[in-house]
Protein chains: 2
Amino acid sequence: MTERTIPYKTYLTEEEMPKQWYNVRADMKNKPAPLADPATGNPLPAEALEPVFCKELIAQELDNDTRYFDIPKEVLDFYKMYRPSPLIRAYYLEKLLDTPAHIYYKYEGGNTSGSHKLNSAIAQAYYAKKQGLKGVTTETGAGQWGTALSMACSYFGLDCDVYMVKVSYEQKPFRREVMNTYGAAVTPSPSMKTNVGKAILEEHPGTTGSLGCAISEAVEVAVSSEGYRYVLGSVLNQVLLHQSIIGLEAKAALDKLGEKADIIIGCAGGGSNLGGLITPFAAEKLREENDYQIIAVEPASCPSLTRGKFAYDFCDTGKVCPLAKMYTLGSGFIPSPNHAGGLRYHGMSPVVSQLYHDGIIEATSVEQTAVFDAAVKFARVEGILPAPESSHAIKVAIDEALKCKETGEEKVILFGLTGTGYFDMYAYEAFNNGTMTDYIPTDEDLEIGFASLPKFE
Amino acid sequence: MTERTIPYKTYLTEEEMPKQWYNVRADMKNKPAPLADPATGNPLPAEALEPVFCKELIAQELDNDTRYFDIPKEVLDFYKMYRPSPLIRAYYLEKLLDTPAHIYYKYEGGNTSGSHKLNSAIAQAYYAKKQGLKGVTTETGAGQWGTALSMACSYFGLDCDVYMVKVSYEQKPFRREVMNTYGAAVTPSPSMKTNVGKAILEEHPGTTGSLGCAISEAVEVAVSSEGYRYVLGSVLNQVLLHQSIIGLEAKAALDKLGEKADIIIGCAGGGSNLGGLITPFAAEKLREENDYQIIAVEPASCPSLTRGKFAYDFCDTGKVCPLAKMYTLGSGFIPSPNHAGGLRYHGMSPVVSQLYHDGIIEATSVEQTAVFDAAVKFARVEGILPAPESSHAIKVAIDEALKCKETGEEKVILFGLTGTGYFDMYAYEAFNNGTMTDYIPTDEDLEIGFASLPKFE
């Protein structure tokens, strides 16, 4: 048999790009549980969500049956600006590891937002514009989502009101400035602009904020302002629907190359990247057409899948958002200052949670020094300096490739390289100078989080 | 005639990628003047350059006759990691400007070094490795070149000793940290490691350094260390040779689309990007096969082509480097603190200088607030946040497209988007908050620079 010649990078043509998003819920026997009322725990009808979310996004959120959604032409046009993202054969990493495995990664960091978040940001901005809204509000932690949304809002001429976790606002002035450049208003959270923010500042005057608090502020502003809605960059079903573009492109590119993935690996914080990447593979597994090993990788410091509970929980600390049933550490869980800001959320997408609960995907957790060790190895041979979040997937891809070296198996490994680390150089500095530490929460730490779970179930 | 459908982004396949660099000097009737001895002004033979530069690079530097050089397989392999770069049709910019012009840009910022500099860095590192050297030394200002070289040296296992202008070292810790991540040793310049550095620090204790001084330090270390040579990221003929990959790819992609460029625009500091981009177009113009309008854009604050003298000059402030005949403001010229760090060099590539002198290319200068205005416009519609350097080309591309709007001409405009501005957010911040100013040197300022030109000519 002659060796097939596979290029380093594979791009789909514009014609080959997916024209529809795939809704994995249509193929799930056990559907994710519906969003529920934070006051009563009862499922929320569409009308109850309308003060918070855009109408068409609610329809997407609640639709467990429609398998494919047409991507609107306006969104397809924007996708052409930075998509298709390349599927890259990691020849140099394979060589470094001396592995028979074929390693591929889907690289989503080649746009100015620096991550995959733009895939859903542009969709959400489009539906907000279509509804005739003035603008949207959101929160951002490390800043990838806020940057993506500011780009999307700038494109459609929408106001973009971002509540940025105060510690990131102060430590990541560059991300904040990218958002400003795209015309967004960025407020450090907690702020005095909201009742939630005022209450938190009164109780904890020196607080540097949290994602859960920033969400509460953004929601409060959305529901109390004429012509505004709240948008979220992860966790929700609608986000995973939009992010399916990652997996659909990756699968189409692999098919074009005549390769079949054996293992699919993604980092998992709220689940947006993982849920998007694995979608078409999970579909075939759910339909029992093909088998795949699908691995969610989370930080050991914030282990919602591997050590959390599968329960209805608050999505925010202010408890103004709907409840979601998910693997969670509890909204009261305090994550350690891990450098992968995008993976510090206490919960996990209900879809990803359900797929994990049903054994369609597995999960593992890794420590950050091992993650950065993998990141630097990868950067040096593959030429891309990865985001700390993405590097969780790199670490496990390397582990799996080394297993192949031992067994001699020529497995095809696909992982998601969600973004670049250009705005995370303080983290690299800590690793490079040896001051980075690991942190694994104790069982007592977890109990504090679990004690904050809602009581009506 | 039916409208041709041109995609947003055009990528060459691996097979279509250029396998040779093009040496424009072979087609120049008036060859660029040879490098000369800084002590006597006499042309330097190859042997005299060998303590400073790698042997094969000297051969490339001095060869005015060989039209094409094979790109070594090892360099081609590395190119596959991040090349071909896309040729992008700026549909959104065209729409914003409402222009009949077809605007294309060749985007070189999609790699971790963030600019086109990697094209020559990997070639220079390869020849250093082939020569059996231990490592190379260099200087870097804003940090793009140093980052590129650190990536290239990491790939070939070479030591990389970077002298970084002190003000950038302090103000751009992220770039420094990227270099560290790739294993480079980064020293703020002037330093106490060299005689040149010590002398400058003694004379000007509080100095924040300059590119000319950092060059002198890097050269001193190279010539006084066993197994080391000095490498430079711009100005030299060899660099333009390697950078021809930009223009060759751009031209091949345009040919594939059936488009013929009318105007080619590049920013010009030392001339590496401009010289690389225009190469195959200038070739046809030199051979009188085709006509093109080729425009070099420089900052009004450092106008070497538009206000400089065409003369032999020092390349560094320590006056240890060979002299080059070029358009120059004099090594004693003090540029204002313009935010486009890559365009603050006092001289200009001898090849670019000669082409300009012979009327093959024209030049214009622009002020930085107008440049950032163009940059923000571009970022908002095209989705890429451009480097301040690259934005000089954007500004003039917009001007030319607006001329087409007036005349109704459907000209094809190609410009070089050399890099991203992710590490330049302080500059964007200054623009966004209105504190950015313009600066045009007075004739008296220029006289100070001209007074520093060498006297033997």
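Begin by selecting chain A and chain B together, since the contact between them (heavy atoms within 4.5 Å) takes 41 residues from chain B and 41 residues from chain A. This is a predicted model, in which local features need pLDDT of at least 70 and side-chain atom pairs count only at pLDDT 80 or more, while totals for chains, interfaces and linings use all residues. Residues are numbered from 1 along each chain as its sequence is written, chains are lettered from A and ligands numbered from 1 in the order in which they are written, and side-chain values use heavy atoms, with hydrogens and water left out.

Stay with the interface. The area buried between chain B and chain A, that is, the accessible area (1.4 Å probe) that two parts lose on being put together, summed over both, is about 3900 Å², and carbon and sulfur atoms give 58% of that area. Because 100% of the interface residues of chain B are also interface residues in chain A, the copies meet through the same surface.

Next, select B:E429 and A:R176, which form a salt bridge (a side-chain nitrogen of Lys or Arg within 4 Å of a carboxyl oxygen of Asp or Glu) with the closest N and O atoms 3.7 Å apart. The count between chain B and chain A is 2 salt bridges.

Now colour the helices (DSSP runs of H or I, at least four residues, numbered from the N terminus) on the side of chain B that touches chain A, where the elements giving two or more residues include α3 (73-82), α6 (144-156) and α8 (173-181) of chain B. Of these, α8(B) gives the most to that side, with 6 residues.

A second stop is A:D255 with A:K251, a salt bridge at 3.3 Å between the closest N and O atoms, and both residues lie in helix α11 (residues 237-257) of chain A, 4 residues apart.
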